[in-house]
Amino acid sequence: MTIKLVCIGKTDKKELEALIKTYQKRLQHYIKFEFEIIPDLKKTKHLDENQQKSKEGELILSGFQNSDFVVLLDENGKQFSSESFSEYIQKRMNTGLKRLIFVIGGPYGFSEEVYKRADSKISLSKMTFSHQMVRVFFTEQLYRAFTILKNEPYHHR
């Protein structure tokens, strides 16, 4: 199985990018992990919020295959402990999926079309984080999930 994280816009802080790369490298020991960045939209000044979400949604959806299991990182999604998130990952792996895709939306969230395509929604917290920080938090939690599944000492219970 491949796990893919799809994001809108590049990371503009080198420190955050370094942390993301650290966890990307660590994840390669457990699973094939891909990190896809969809470039920011150009000329958004003339677009309203819904138009921007729609255009970003088209770009997000264009990368999906019918067999993909798509999970949106969304403030209204289900919240997990680190242990229960690792169980969630294990269940997805047990189904024989080829690709499990997690998506971080743009500054205004997701279009209705993306919500309709999603198979699940997860919230990392009730708090709001920048899209840049969510990338770090998510990749670290994904790494933590695999260390939990392998009974490795990274996660202290």
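What is the volume of the second largest pocket? The structure is a predicted model, in which local features need pLDDT of at least 70 and side-chain atom pairs count only at pLDDT 80 or more, whereas totals for chains, interfaces and linings use all residues. Residues are numbered from 1 along each chain as its sequence is written, and side-chain values use heavy atoms, with hydrogens and water left out.

The second largest pocket has a volume of about 190 Å³. A pocket is here an open set of points, on a 1 Å grid over the protein atoms alone, with protein on both sides within 12 Å along at least five of seven lines, while a cavity is a set of points where a 1.4 Å probe fits but cannot get out; lining residues have an atom within 4 Å of a point. Grid points are joined across faces, edges and corners, and a volume is the space filled by probe spheres set on the points. The lining of the second largest pocket includes Gln79, Phe80, Phe85, Ile122, Phe129 and Glu140. Two or more of its lining residues come from each of S5 and H5, and H5 gives the largest share, four residues. By class, this lining holds seven nonpolar, four polar and one charged residue, where Ala, Val, Leu, Ile, Met, Phe, Trp, Tyr, Cys and Pro count as nonpolar, Asp, Glu, Lys and Arg as charged, and the others, Gly among them, as polar.

The largest share, four residues, belongs to S3, and the lining as a whole comprises 11 nonpolar, nine polar and two charged residues.

Across the whole structure, one cavity of 30 Å³ or more is found. The largest cavity has about 40 Å³ of space, and among its lining residues are Lys4, Val6, Glu36, Ile38 and Ile101. Strand S1 (2–8), strand S2 (32–38) and helix H2 (49–62) each contribute at least two residues to this lining, which has six nonpolar, one polar and two charged residues.
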